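Look at the sequence and the model below before reading on. The paragraphs that follow go from charged side chains to rings and then to a helix.

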Amino acid sequence: MFATHHYESMLLNTFRGVAAVGVNNLFVGLYLTSPTNSGKGGIEINYTGYVRQPIQFIAPYAEGERVGVRNADSLLWNVSQTDVGEAKYIGISDSPIPGSGNMLLYGELTIPLEIRANQQPSVSQGSIRYFMLGDHTREYKTRALNVLRGQTFSGFQSHMALFNGDPQDGGVELSGEAYARVTVSFSPPSVQIGDHSQIFSTETVEFPEPLAEWGSWVYSGIMESATGGLPMVALARPEGPDFLHRGYQPVFNAGSVSVALD
């Protein structure tokens, strides 16, 4: 399963203080061809009595660094009176009406549904699965997936923080005289080459100049608040650890901090 640009934008805008409003009602449609990341492509099945089926997801669960959801119940469409063809894809939208609403997820069926006359298409419980990967923390992924379960993901003011290790696995935020998190502002989400959505820092993120040793800088985190709160993204320094001492001022140039979803 893949996220559409619509769902990606909803989630990325949380870094810009815009809430991703929970979707209380989602519906699964069957497609002959792929809806694509735009959520607007694909040929949806059409026969007398066909309607999209409501879907509910179980609570998000972790498998290593990825977090996912799966359908809580089996899905059953009405019997077709004619041979329709092979449904190879599904799309999950916020409207029960074919051709309408916003699609959030889409994917290719492992085994296509060959819809013939007097057959009733079905999908078994737990077989529709969507996992979030990437540098987003498990907390962020859980909140993002709960949007699919009707829970609103509140927007937040993003702040950069520095850690001596992965903040999800025991890494501790640096501290010392003059240390403070720094606000980071992001651009609106845009679709990039590769068909993923991404936001970029719009201004230079400049930490105060250390007046004493802060410690070893191994990870950078995007936090949900200026103090306290939880990391939403955890990024290992590509250059490796760097010890921050008096006079060494960490700076991120405009555009160098980015968050992507695909």
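Is arginine 52 buried or exposed? Arginine 52 counts as buried, because its relative accessibility is 5%; buried means under 20% relative accessible area, exposed over 50%, and partly exposed in between, with a 1.4 Å probe and protein chains only. The model is predicted, so local features need pLDDT of at least 70 and side-chain atom pairs count only at pLDDT 80 or more, while totals for chains, interfaces and linings use all residues. Residues are numbered from 1 along each chain as its sequence is written, and side-chain values use heavy atoms, with hydrogens and water left out.

Arginine 52 forms a salt bridge with glutamate 44, and their closest N and O atoms are 2.9 Å apart. A salt bridge here is a side-chain nitrogen of Lys or Arg within 4 Å of a carboxyl oxygen of Asp or Glu. Glutamate 44 is buried too, at 14% relative accessibility. The whole structure holds 10 salt bridges. Another of them joins glutamate 114 to arginine 116, at 2.4 Å from N to O. Glutamate 114 is partly exposed at 41%, and arginine 116 is partly exposed at 39%.

Arginine 237 meets glutamate 239 in a salt bridge of 3.4 Å, N to O. Arginine 237 is buried at 14% relative accessibility, whereas glutamate 239 is exposed at 59%. Elsewhere, salt bridges that share partners link Glu65, Arg138 and Asp169 into one network.

Arginine 237 also lies over the face of tryptophan 217, 4.0 Å from the ring centre. A charge sits over a ring if NZ of Lys or CZ of Arg is within 6 Å of the ring centre and within 35 degrees of the ring normal.

Now the rings. The structure has 13 aromatic pairs: rings of Phe, Tyr and Trp (its six-membered ring) pair if their centres lie within 6.5 Å, and planes under 30 degrees apart count as stacked, over 60 as edge-to-face and the rest as tilted. Phenylalanine 207 and phenylalanine 252 form a tilted pair, with centres 6.4 Å apart and 55 degrees between the planes. Phenylalanine 207 is buried, with a relative accessible area of 0%, and phenylalanine 252 is buried at 14%. The rings of tryptophan 217 and phenylalanine 252 are 5.9 Å apart at their centres with planes at 70 degrees, so this pair is edge-to-face.

One aromatic cluster consists of Phe15, Tyr140, Phe153, Phe156 and Phe186. Tyr140 is also among the buried residues of helix α2 (residues 138-146); helices are DSSP runs (H or I, at least four residues), as are strands (E, at least two), numbered from the N terminus.
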